[in-house]
Amino acid sequence: MAAEIIDGKKVAADIKEKLKKEIEDLKSKGITPGLAVVLVGENPASKKYVANKEKTCESLGIKSLGHKLPESTTQEELLKLIDDLNADPSVHGILVQLPLPKHLNEKEVMHRIAPEKDVDGFGPDSLGRLVLDEPGFIPCTPHGAIKMLEAYGIDPKGKNAVVVGRSIIVGKPLALLLLRKHATVTICHSRTANLKEECLKADILCVAVGKAKMITGDMVKEGAAVIDIGINVTPEGKLVGDVDFEAAKERAGYITPVPGGAGPMTIAMLMYNTVLAAKMKAGMTLDF
Ligand code: NDP
């Protein structure tokens, strides 16, 4: 039987609807959540992502403060901007669109963002809290993956979860979140000896590599929930994930499409973190 398709667009829309109410409530208290979006250079994919994020902010009532800097921006200039945004009370969240141009030190920039404004969740404070199971900003893409599982009633507790990819942005935090939800977690990467064997053990298979169709149908366990985070463009210009969707959906129980799965969730969870930042500053919490 073919898998149930996990509709990331729909789950994202439901989350944004809830956030809208939270934002209205904040506004009634005189607080408008503000997100500073910093873009350096002319990377076309980055420009598109930033435009999407700004558009979503607008649609929800979050103030989006765009800072578009030229490719020639120096490390000192960028750090000065981060310092100014850290000090600006109308800015609740700071997002620096990655990747930065090669001459800039990405790590130093990410570490400079004030922990209470780190809505991407890539800073040491946020990641430390994730490891410690303390409340804080959760990186958006892995958080979105967990929310999709939740929305479809897939409880990781006691299940075998396999995460393919170990980046700080996706794989590692996702593995920690699945562990927090009591899954037995295996992390695979480029040196994993037998990827197929590992994947076939997965009741929940999450893939974040960046290689089209690297997960073939025969690597998916019957009935598994497959979360495909990869974004790849085929030579024909088609957007695809890391999983061979057509083959995998014949074996999986649930599967996310690309596009329409992890992508929309990532933006929704960025909005979530921005609202969380504004609420935390006002001494409140976000309860979903
Ligand atoms: P990275 O390049 O940082 O990490 C890729 C990971 O894949 C690494 O851990 C690497 O292992 C592993 N890997 C590479 N080749 C293999 C292989 N043959 N077998 C097993 N593992 C392998 O990528 P990101 O985590 O940043 O992104 C991954 C994908 O997710 C990309 O396609 C990206 O575009 C997409 N993405 C999508 C988002 C969304 O909103 N939907 C958001 C963020 C990312 P090793 O560590 O050993 O090198």
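This is a predicted model: local features need pLDDT of at least 70, side-chain atom pairs count only at pLDDT 80 or more; totals for chains, interfaces and linings use all residues.
Biologist: In what order do the strands of the six-stranded sheet come?
Modeller: The order is β1-β11-β8-β7-β5-β6, in an open sheet with parallel pairing.

Biologist: What holds strands of a sheet together, in general?
Modeller: Strands pair through backbone hydrogen bonds, and the pairing can be parallel or antiparallel.

Biologist: Back to this model. How many bridges join β5 to β6?
Modeller: Five bridges join β5, residues 160–164, to β6, and the two run parallel. In that pairing V163 stands opposite I187 of β6.

Biologist: And which residue of β7 stands opposite V163?
Modeller: That is C206. β5 and β7 pair in the parallel sense, over four bridges.

Biologist: How many bridges are there between β7 and β8?
Modeller: Four, again in the parallel sense. I204 has A225 in β8 as its bridge partner.

Biologist: Which way do the side chains of β7 point?
Modeller: I204 and C206 point one way, while L205 and V207 point the other way. All of these are buried. In a regular strand, side chains alternate between the two faces of the sheet.

Biologist: Which helix lies across β5, β6 and β7?
Modeller: Helix α7, residues 171–180, lies across them. The helix runs at about 170° to β5.

Biologist: How many bridges join β2 to β4?
Modeller: Four bridges join β2, residues 34–40, to β4, and the strands run parallel. A36 stands opposite I94 in β4.

Biologist: New topic: D228. Where is it?
Modeller: D228 is in strand β8, residues 225–228.

Biologist: Is D228 buried or exposed?
Modeller: D228 is buried, and it has no salt bridge. The nearest side chain of opposite charge is K213, 11 Å away.

Biologist: What does the side chain of D228 reach, then?
Modeller: It reaches the backbone nitrogen of G230 at 3.3 Å. Apart from neighbours within four places in sequence, D228 is in contact with V207, G241, D242, V243, T256, V258 and A262.

Biologist: D242 is on that list. Where does D242 sit?
Modeller: D242 is in the loop between β10 (239–240) and α9 (245–248).

Biologist: Which side chain of opposite charge is nearest to D242?
Modeller: K211, at 9.1 Å. D242 is buried yet has no salt bridge.

Biologist: What polar contact does the side chain of D242 make?
Modeller: The side chain of D242 makes one with the side chain of N232, at 2.9 Å.

Biologist: Which residues does D242 touch, leaving out those up to four places away in sequence?
Modeller: Among them are V207, A208, K211, K213, D228, G230 and N232.

Terms used
Residues are numbered from 1 along each chain as its sequence is written. Side-chain values use heavy atoms; hydrogens and water are left out. Two strands pair if DSSP finds at least two bridges between them. Contact means heavy atoms within 4.5 Å. Axes are lines fitted to C-alpha atoms, for helices over the stretch in contact, and angles run from 0 to 180 degrees between N-to-C directions. Buried means under 20% relative accessible area, exposed over 50%, partly exposed in between (1.4 Å probe, protein chains only). Lys and Arg count as positive and Asp and Glu as negative; His and the chain ends are not counted. A salt bridge is a side-chain nitrogen of Lys or Arg within 4 Å of a carboxyl oxygen of Asp or Glu. A polar contact is a pair of N or O atoms within 3.5 Å; within protein, one must be able to donate a hydrogen and the other to accept it, and residues adjacent in sequence count only if both atoms are side-chain atoms.
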